[in-house]
Amino acid sequence: MKPVTFLGDSLGTVRAFPTGARREAGFQIERVQRGFDPDDWKPMKTVGPGVREIRIRDAVGAFRVIYIATLAGAVYVLHAFQKKTEATLKRDVALATTRFKELMRRVKQ
């Protein structure tokens, strides 16, 4: 099973999700660690190649976890947030993109 590395404040954000969404996020991340796809996901090509978004719906709202699992070392969680609008906010995509680029710089060293 691949380890998980949370970048930036993503671990704290997932921990702050409501109980149901937090449990679901943990379950879905564990599926990814074991080499399976999450139950509900979509590619996030705008962030970077291989980046995906786990989509979680809870009674409280919609939550997202953006990650990349194609690197050998770990599953990297780039960003997590509660989605409050139809489209993903540009600031959320920008933050995930920044963390992805920084991760790629570190991995190539």
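**Exercise 1. Find which residue lies over the face of W41, and give its distance from the ring centre.**

Solution. The model is predicted. Start at the ring of W41 and look over its face: R52 lies there. The distance from the ring centre is 3.5 Å. The cut-off for a charge over a ring is 6 Å for CZ of Arg, within 35 degrees of the ring normal.

**Exercise 2. Classify the pair formed by the rings of F17 and F63.**

Solution. Count first: there is one aromatic pair. The ring centres of F17 and F63 are 4.7 Å apart, and the planes meet at 50 degrees. Planes under 30 degrees apart would be stacked, and over 60 edge-to-face. The pair is therefore tilted. F17 sits in the loop between α1 and α2 (19-33), F63 in strand β4, so the pair ties together parts 46 residues apart in sequence. Last, check burial. F17 has a relative accessible area of 4% and is buried. F63 is buried too, at 2% relative accessibility.

**Exercise 3. Describe helix α3 (residues 90-108), then decide whether R99 is buried or exposed.**

Solution. Take the span of α3. Its 19 residues reach 27 Å from first C-alpha to last, close to the 27 Å expected. Now list the buried positions: D92, V93, A96, T97, R99, F100, L103 and M104. These pack against α1 (10-16), β3 (51-58), β4 (61-68) and β5 (75-83). Turn to R99, which lies in α3. Its relative accessibility is 14%, so R99 counts as buried. Finally, set aside neighbours within four places in sequence: R99 contacts L7, G8, D9, S10, L78 and H79.

Key:
Residues numbered from 1 in each chain as written. Predicted model: local features only at pLDDT ≥ 70, side-chain atom pairs only at ≥ 80, totals over all residues. Heavy atoms only, no water. Helix = DSSP H or I, 4+ residues; strand = E, 2+ residues; numbered from the N terminus. Expected span 1.5 Å × (residues − 1). Buried < 20%, exposed > 50% of the residue type's maximum accessible area, 1.4 Å probe, protein only. Contact = heavy atoms within 4.5 Å. Phe/Tyr/Trp six-rings, centres within 6.5 Å; stacked < 30°, edge-to-face > 60°.
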